[in-house]
Structures are given as C-alpha cells and as structure tokens.
Amino acid sequence: MRPLFIVLEGPDAAGKSTQLQLLSQALTARGIPVLTTREPGGTPLGRKFREILLDPKNRMRPLTELLLLVADRHEHVEEVIKPALARGQWVLCSRYTLSSLAYQGRGRGLPLELVHQLNRLATGGLEPDYVFLLDLPPQVALERTKLRDRFEGEGLSFFTQVRLAYLEFIRNVPRGYVVDGTFPPPQVTAEILARLPLPGYDSAVKEGP
C-alpha cells in the first residue's frame, strides 16, 4: 500500500495535536511508519515564520499573513512532506490548504481564488489523501483557549466565520470528513481510524458524510 497523506483541520483547541499523537501511536502499533508534522512551523525556517505569525504583538495585513503562511507551506511540502512520502512514511499533518481558505479567505476576507492560486503554487498540486475536520463550536474553542496568540485573540465573530467556512469547504474535499471535536480524544481517534483503509475497521464507515 502506498503511503498516505492525512491532514487534520479545525480551529485552535480542537485537539489536533492530541490526535496527531494518538493516531501516530495507533498506526505505529500496526507497523505503519508515520511522520507527524504541522503548519505553520514544520521546518526550521517555518518555525521562524510561526513565531512571527502567532506573536500577538505583531500586526500585519491579511495578504502579508497569507504570504507568510504560503511560504511556510512551500518549504514544508518540499522539505518534509514529499520526502517522507517518498521514503514510504505516512504523513499526519496538522493544518494544510483548507486552513488558509477558512482563516485568510473567509476569516480575513481575501479573495478565495487568490488563496486557491497561492495554495496550488505552494504545494505543486500535492493534495491530501484524507482530510478530517475536527469540528468545535466557537464558544467551546474560546473557552478552551487562553488567548495565547494572534489568532486565538480574534474573538467569537471571527471563529464563527472560520467554522462556517470549514463546514462549507470540507464538502468539496474528496475523502473529507467532519468529526465532532467535543468527543473524548479516544473516540475521535477511533472515528478517524474507521475511515482509513486499515484492517480491523468496518470499511462501510468510509462512505459516510
């Protein structure tokens, strides 16, 4: 079986980092080589981009924000994701192109076609095999955060827009699924694993909404 590129999407505090760890453990236990990574910040250069993007003291225009994220994504794809897939590793990634459409497209009001074009340029057309949206009501997300960075401090209206955008865009993603992020982490992990082509899980689940 060829290695899979799996992306976890969703708002801050939806549990993406926890799921990266739990999914990595579950897949490794099945003898599958796994690489976990994230955006922004999946490369040494990307970690510098991440510091700039998340620092609440940094004010920037929406296009500046998008261009920094796209630069991070290009480095990430070329330096981390593609080499890992070529080595036969499955790649589990927190955030990818859908985040830019939801946050910078709908959240910041940039033209969606511009975001699409820059995403295609950054990724060279590399698309995930599976995308799992960890859905979380904005009120719950705000309660879970501690206003640690620029995005978490945007407020309820911004995250409501982002959530609606995610739920809209995931419908057009092949093998894109919504998972309730309010469920206990082991239940979220089990739902994700049930969608993947693994022995021991009901394949009929993969055809759900």
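Me: What makes E4 count as mostly covered in this model?

Reply: In this predicted model, six of the six residues of strand E4 are buried, and for that reason E4 is described as mostly covered. The residues that point one way from E4 are Tyr130, Phe132 and Leu134, while Val131, Leu133 and Asp135 point the other way, and all are buried.

Me: Why is Thr37 called buried?

Reply: The word buried is kept for residues under 20% relative accessible area, and Thr37 has a relative accessibility of 8%, so Thr37 counts as buried. Thr37 is found in strand E2, which spans residues 34-38. Once its neighbours within four places in sequence are left aside, the residues in contact with Thr37 include Leu20, His76, Val80 and Cys93.

Me: How do you know that E1 and E4 pair?

Reply: Two strands pair if at least two bridges are found between them, and E1 and E4 have four bridges, in the parallel sense, so they meet that condition. One of the residues involved is Ile6, whose bridge partner in E4 is Tyr130.

Me: What joins E4 to E5, and in which sense do they run?

Reply: Five bridges join E4 to E5, and these strands run parallel; Asp135 stands opposite Asp180 in E5.

Me: Which residues of helix H8 are buried, and what covers them?

Reply: In H8, which spans residues 185-195, the buried residues are Val188, Thr189, Ile192, Leu193, Ala194 and Arg195. Their cover includes helix H1 (16-29) together with the strands E1 (5-9), E4 (130-135) and E5 (176-180).

Methods:
Residues numbered from 1 in each chain as written. Predicted model: local features only at pLDDT ≥ 70, side-chain atom pairs only at ≥ 80, totals over all residues. Heavy atoms only, no water. Buried < 20%, exposed > 50% of the residue type's maximum accessible area, 1.4 Å probe, protein only. Helix = DSSP H or I, 4+ residues; strand = E, 2+ residues; numbered from the N terminus. Contact = heavy atoms within 4.5 Å.
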